[in-house]
Amino acid sequence: MSVNAVLYSEWTKIRSVRSVVWALPLAALLLIGIGAGVSGSVGSGEADATDFDPVQLGYYGIFFAHVMVIAFAVLVVGNEYSTGSIHTSLATVPRRGLFYGAKLTTGAALSLMAGAVASVGTFFASQTLLAENGAAFGDEGTVRAIVAGALYFPVLAVMCIGITAMLRSLMLSMGLLVPFLFLVSPVLAEIPVLRDLAWYLPDRAGQYALRTHLDAAAPYSPMTGLLIMAVWAAVAAFGGWLVLRNRDA
């Protein structure tokens, strides 16, 4: 099969499963809606705090939105393992590199589309609601935060697709990824001995790129944080490829 045919096949698989189709729009809605809700409730008292970051506040919904991105990415791979259709897919596309690359490409492209809409939407909605307490587009760090917000979804999706390909199980992947990316970083950040380690976890690193007011405790710059997350994604994607190449379905 040609590359275009395999890509179209992956797109067809995604749009034919309702839970997969709605995951990314829900992620975008959560990011925009929660960010707008939180920003609309901020008063001058909170805005006068020394650590107040209006842009980071607008992206508050990322904590909840990325759960939907995880679900989307896990379903892209794990659904075929749970139904057993992976055998048919690999028989139809015996070139496993092409098959896996099409999954990564399709998942990343759709996540980027959702991430771009969500990031732009949450920035302008939240900063409009913050009014005089908000940041204007073009202020220092705002463009970088918007771009990082758009890239957060696809980088996270690639990482989760790779991990799901390694685990070869929908339920196991969800059971591992959701607690790890939703709970571990906040918990480690509160433990003095492990606080420095938390900075290098993928979600914490990627979300640092959404800030405009830098944290003095951070061991790297915001863009380096996004790069750290991208390294996690690259390693996971490569690990998924190794498992898919060397193990039977």
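Trainee: Given that helices are DSSP runs of H or I with at least four residues, numbered from the N terminus, which helix is the place of Thr-122?

Mentor: This is a predicted model, and in it Thr-122 belongs to helix α7, which covers residues 96-130.

Trainee: Buried or exposed, that Thr-122?

Mentor: Thr-122 has a relative accessible area of 0%, and since buried means under 20%, Thr-122 counts as buried.

Trainee: And which backbone oxygen does the side chain of Thr-122 reach at 2.8 Å?

Mentor: That is the backbone oxygen of Gly-58, while the backbone oxygen of Leu-31 lies 3.2 Å from a polar atom of the Thr-122 side chain. If you set aside neighbours within four places in sequence, the residues in contact with Thr-122 are Leu-31, Ile-32, Gly-35, Gly-58 and Tyr-59.

Trainee: Switching to helix packing, at what angle do α2 and α5 cross?

Mentor: The axes of α2 (residues 18-40) and α5 (residues 62-83) cross at roughly 170° and come within 8 Å. Angles over 145 degrees count as roughly antiparallel, and α2 and α5 are therefore described that way relative to each other. On the α2 side the contact includes Ser-19, Val-20, Leu-30 and Leu-31, and on the α5 side it includes Ile-62, Phe-72 and Leu-75.

Trainee: What is Leu-75 in contact with, leaving aside neighbours within four places?

Mentor: With that exclusion, Leu-75 is in contact with Ser-19, Val-20 and Leu-170. Leu-75 and Ser-19 are 56 residues apart in sequence, yet their C-alpha atoms are 8.4 Å apart in space. Leu-75 is also buried, with a relative accessible area of 16%.

Trainee: Now the rings: how many aromatic pairs does a search of the whole structure find?

Mentor: The search finds ten. In one of them, Phe-180 and Trp-232 have ring centres 6.3 Å apart and planes at 45°, so this pair is tilted. The pair links distant parts of the chain, with Phe-180 in helix α9 (residues 170-189) and Trp-232 in helix α12 (residues 222-246), 52 residues apart. Phe-180 is partly exposed at 23% relative accessibility, and Trp-232 is also partly exposed, at 34%.

Trainee: Why is the pair of Tyr-200 and Tyr-220 edge-to-face?

Mentor: Planes over 60 degrees apart count as edge-to-face, and the planes of Tyr-200 and Tyr-220 are at 70°, with ring centres 5.7 Å apart, so the pair falls in that class. Tyr-200 is in the loop between α10 (195-198) and α11 (202-208), whereas Tyr-220 is in the loop between α11 and α12, 20 residues apart. Tyr-200 is partly exposed at 40% relative accessibility, but Tyr-220, at 10%, counts as buried.

Trainee: Which residues do ring pairs link into a cluster?

Mentor: Trp-199, Tyr-200, Tyr-208 and Tyr-220 form that cluster through ring pairs.

Note on methods:
Residues numbered from 1 in each chain as written. Predicted model: local features only at pLDDT ≥ 70, side-chain atom pairs only at ≥ 80, totals over all residues. Heavy atoms only, no water. Phe/Tyr/Trp six-rings, centres within 6.5 Å; stacked < 30°, edge-to-face > 60°. Helix = DSSP H or I, 4+ residues; strand = E, 2+ residues; numbered from the N terminus. Buried < 20%, exposed > 50% of the residue type's maximum accessible area, 1.4 Å probe, protein only. Polar contact = N/O pair within 3.5 Å; in protein donor to acceptor, adjacent residues only side chain to side chain. Contact = heavy atoms within 4.5 Å. Axes fitted to C-alpha atoms, helices over the stretch in contact; angles between N-to-C directions. Parallel < 35°, antiparallel > 145°, perpendicular 65-115°, else oblique.
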